[in-house]
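Have the sequence and the 3D view ready as you read.

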Amino acid sequence: MWLNIFFCCTGVLYSLYRWLIPSIVQYHAGLALLWHDVIVEWMLDTLTRSTRPQRMLRAVQKNATRGDARTVLKAIDQFCRYTEWAMNVGDEKGSILESLVAEINPTTALELGTYCGYSAIRIGNKLGPNAKLYTLEFNPRHAAVAREIIAWAGLEDKIHIVEGASGDLIPTMKERFGVETFDLVFLDHWKDLYLPDTKLLEECGLLRKGSVLLGDNVICPGTPEYLEYVRSSPRYQSQYFKSHLEYLKVEDGLEKSVFLG
């Protein structure tokens, strides 16, 4: 009898973890982030003695073809949608990101916040033959995983990962890499840094007339001060692209802001 009770309770708990709770929280931003990005991540890190980025890397190595960026993106999307949620830009916003990169056709691009390299691959796969993406990542463990995933996608020649804090690195970009200005800047790091890093890019002369800032997660978790700045400043012309938080039903979107000089 006790064995039957044990299996019954185990089945109920698994159903709650695998289906019921994810189904409920996918419509609520705060609950979704608490469940996926705090509770589940901590639980799986503890049980597997690994990290979410490491588990994502293993999924890529198992399911993607080396040198094929599209299969890498597909493997990450399937992992995040069906196995373990992660805060990449995601497939829905990722398609918008790719279309905007193709429209802008940047020669030099900057990404703030690499995480595991998913959005960098989305951008890098749309860059022209002589174009370069510099992506800044504060967490060295994330950067290490991102290097492996980007190399698996065959884009290590187009994408250069720079480790460190964005506030320290942005002022060094001209001298360190010979970059005059960036055609595209994708902001996808800590949300409270969007505005100060944008102002720092302006102060360092890294934006030219026509440079495009593209901010992710401007609704969820949200970047109200940044949105207020780019939407009200005469130096920018902004447009909002409505979408959803990666792999969920919560509203989110991308903000495209063209620097007018």
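In this predicted model, R81 and D91 form a salt bridge, with their closest N and O atoms 2.9 Å apart. R81 belongs to helix 4 (residues 69-83) and D91 to helix 5 (residues 90-104), so the pair ties together parts that are 10 residues apart in sequence. R81 has a relative accessible area of 39% and is partly exposed. D91, at 22% relative accessibility, counts as partly exposed too.

How many salt bridges does a search of the whole structure find? The search finds 18.

| Salt bridge | N to O distance |
|---|---|
| R81 and D91 | 2.9 Å |
| R55 and D45 | 2.8 Å |
| E246 and K93 | 2.7 Å |

Look next at R55 and D45, whose side chains meet in a salt bridge. R55 sits in helix 3 (residues 52-63) and D45 in helix 2 (residues 29-48), so this pair ties together parts that are 10 residues apart in sequence. Is R55 buried or exposed? At 8% relative accessibility, R55 counts as buried. D45 counts as partly exposed, at 24% relative accessibility.

Now find E246 and K93, which also form a salt bridge. This pair links distant parts of the chain: E246 is in the loop between strand 6 (236-244) and strand 7 (251-259), while K93 is in helix 5, 153 residues apart. E246 is buried, with a relative accessible area of 1%. K93 counts as buried as well, at 0% relative accessibility. Elsewhere, salt bridges that share partners join D37, E41, D45, R52, R55 and E84 into one network.

Together with L34, V38 and I39, L31 makes a nonpolar surface patch of about 320 Å². At 40% relative accessibility, L31 counts as partly exposed.

Let us turn to the nonpolar cores. Which residues of the largest nonpolar core touch the most other members? Of its 53 residues, they are M56, V72, I76, I121, I149 and I150. Helix 4 gives the most to this core, with 7 residues. To see the surroundings of one member, pick I150: leaving aside its neighbours within four places in sequence, I150 is in contact with G117, A120, I121, L155, E156, I159 and I161. Another core, of 26 residues, lies apart from the largest one, and Y134, V179, L207 and V218 are among its members.

Finally, look at the strands. Strand 4 (residues 182-187) is mostly covered, with 6 of its 6 residues buried. Which way do strand 1 (residues 108-112) and strand 4 run? They run parallel, and 4 bridges join them. One place to look is L110, whose bridge partner in strand 4 is V185. Strand 4 also pairs with strand 5 (residues 207-215), in the parallel sense, over 5 bridges.

Notes
Residues numbered from 1 in each chain as written. Predicted model: local features only at pLDDT ≥ 70, side-chain atom pairs only at ≥ 80, totals over all residues. Heavy atoms only, no water. Salt bridge = Lys/Arg side-chain N within 4 Å of Asp/Glu carboxyl O. Helix = DSSP H or I, 4+ residues; strand = E, 2+ residues; numbered from the N terminus. Buried < 20%, exposed > 50% of the residue type's maximum accessible area, 1.4 Å probe, protein only. Patch = residues over 30% accessible without salt bridge, like charges linked within 9 Å, V, L, I, M, F, W, Y side chains within 5 Å. Areas by Shrake-Rupley, 256 points an atom, 1.4 Å probe, with all protein chains shown as cover. Core = buried A, V, L, I, M, F, W, Y, C linked by side-chain atoms within 4.5 Å. Contact = heavy atoms within 4.5 Å. Pairing = 2+ DSSP bridges.
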